[in-house]
Amino acid sequence: MKWRKNDIQQYVQSKEYIDTILLPLIPIQLSSDDDAEKHASQSEVMNILANEIEKELTGRIMLAPNYHYLKSADKQLESKRLNGWAEDMKKQPFSHIVYITFDSSWKKHEKDISDNLLWMPAVQVGEINSKEMHGIIREQVGQTVELIRSYWQSN
Amino acid sequence: MSNEKQQVSRRQFLNYTLTGVGGFMAAGLLISPIRMAVDPVLKESSAGDLANVGLSVDDITSEPQRIDWSVDQVDGWYESEVNRSAWVYRNEDDEIVAFSPVCKHLGCVVSWEGSENHPNEYFCPCHDGRYYKDGTNVPGTPPLAPLDEYEQEVRDGMLFLGDARPREEA
């Protein structure tokens with residue numbers, strides 16, 4: 001399910017089956033040319049990745065709108081905001097909230113976050129539409145799907 | 001002094017010329033509306049288009065295999081390339097069958113023998129939905145209908161697939 005009118009209508013009707021939120025955390029920073037390019041490219045890859053995961057597990061996952069933040073922002077404050085999002089989402093019966101990000105600085109603040117954080121190293125091999133990039137993303141999707149399924153099985 | 005040959009009178013000459021020129025102009029005016037009226041008939045329908053999925057018929061066995069291909073799709077504002085997948089195998093009657101991997105419950109992607117506990121079945125990772133090898137849903141699991149089946153055709157030994165169609169209720 002995605003953050004779209006039709007999907008939400010369907011969600012409301014079959015709430016008992018959709019118990020997981022997937023929330024991409026995407027940093028932005030426009031002040032430096034080099035960083036901006038890197039962040040834009042990672043954001044593109046993250047969107048593809050998140051969409052692919054959602055496609056595999058449509059019937060149990062809600063892909064939330066991206067959470068954007070300044071790369072230089074204080075992560076403690078950001079974690080607090082994030083927990084606020086999570087708290088609101090849990091008012092629906094969402095029992096799993098999974099954050100997915102390429103930004104390694106979240107790793108240090110994992111304990112401030114009340115839910116599962118999935119950090120994966122960003123890989124960028126040439127063009128985003130190239131064959132090898134497709135292969136890498138497919139591989140990452142497969143492994144992430146396995147991981148999410150293991151969260152489901154643990155309770 | 002009268003000539004044997006039938007002379008064309010001035011009046012006849014003008015009549016012929018004007019009819020000719022007028023007819024020509026009328027034809028010129030009519031040709032575009034007629035072409036437009038006929039156009040929908042000439043246009044190939046894009047819905048029924050079958051796509052070559054890059055799989056030779058000889059490679060299809062009785063074991064379902066997953067194939068992926070992409071088609072162009074116009075969807076409202078966007079024209080985009082859409083990835084499609086199918087599970088293809090030969091059934092007991094040696095017919096090729098291509099199932100859509102989209103679970104009929106809530107749309108997750110099912111896979112053949114996706115769970116070790118349920119061999120010889122399609123398995124949906126989301127809510128443990130299951131389907132027998134012939135695509136029929138296993139009673140007692142969440143899905144309420146059999147897997148959709150793709151329209152298919154074999155041309156020059158290659159498999160072509162079209163749109164997925166729902167099958168009869170099991």
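Strands here are DSSP runs of E with at least two residues, helices are runs of H or I with at least four residues, and both are numbered from the N terminus. Within this pair, B:Phe123 has B:Arg130 of β7(B) as its bridge partner.

These two strands belong to an open sheet of 3 strands in chain B, with the order β5-β6-β7 and antiparallel pairing. Its edge strands are β5 (111-112) and β7 (130-131) of chain B, each of which pairs on one side only.

## Basis of the model

The model is predicted: local features need pLDDT of at least 70 and side-chain atom pairs count only at pLDDT 80 or more, while totals for chains, interfaces and linings use all residues. Residues are numbered from 1 along each chain as its sequence is written, chains are lettered from A and ligands numbered from 1 in the order in which they are written, and side-chain values use heavy atoms, with hydrogens and water left out.

## The hairpins of chain B

Strands of a sheet pair through backbone hydrogen bonds, either parallel or antiparallel. In chain B, strand β2 (residues 65-75) and strand β3 (residues 78-90) run antiparallel and are joined by 11 bridges. B:Asp75 has B:Tyr78 of β3(B) as its bridge partner, and B:Val74 stands opposite B:Glu79 of β3(B). The hairpin of β2(B) and β3(B) has 2 residues between the strands, and B:Gly76 takes a positive phi near 60° there.

Strand β3(B) also pairs with strand β4 (residues 96-99) of chain B, in the antiparallel sense and over 4 bridges. B:Glu149 stands opposite B:Arg165 in β9(B). Between β8(B) and β9(B) the hairpin has 2 residues, and B:Asp156 takes a positive phi near 50°.

## Overall form of the chains

Chain B contains 1 helix and 9 strands, and along the sequence these follow the pattern α-β-β-β-β-β-β-β-β-β. Its radius of gyration is 30 Å, whereas a compact globule of 170 residues would have one near 15 Å; the radius is taken over C-alpha atoms, and the globule rule is 2.2 Å times the number of residues to the power 0.38. Along the principal axes, the C-alpha trace of chain B spans about 115 × 35 × 30 Å.

Chain A has 4 helices and 5 strands, which run α-β-α-β-β-α-β-β-α from the N terminus on. With 155 residues, a compact globule would have a radius of gyration near 15 Å, and the 16 Å of chain A agrees with this. The C-alpha atoms of chain A fill a box of roughly 45 × 40 × 30 Å along the principal axes.

## The interface between the chains

In this model, 12 residues of chain B are in contact with 13 residues of chain A, contact meaning heavy atoms within 4.5 Å. The two chains bury about 1,000 Å² between them, 53% of it on carbon and sulfur atoms. Buried area is the accessible area (1.4 Å probe) that two parts lose on being put together, summed over both. In chain B, the residues that lose the most area to chain A are B:Leu106, B:Pro125 and B:Cys126, together 45% of what that side buries.

The count between chain B and chain A is 0 salt bridges, a salt bridge being a side-chain nitrogen of Lys or Arg within 4 Å of a carboxyl oxygen of Asp or Glu.

Conventions
Pairing = 2+ DSSP bridges.
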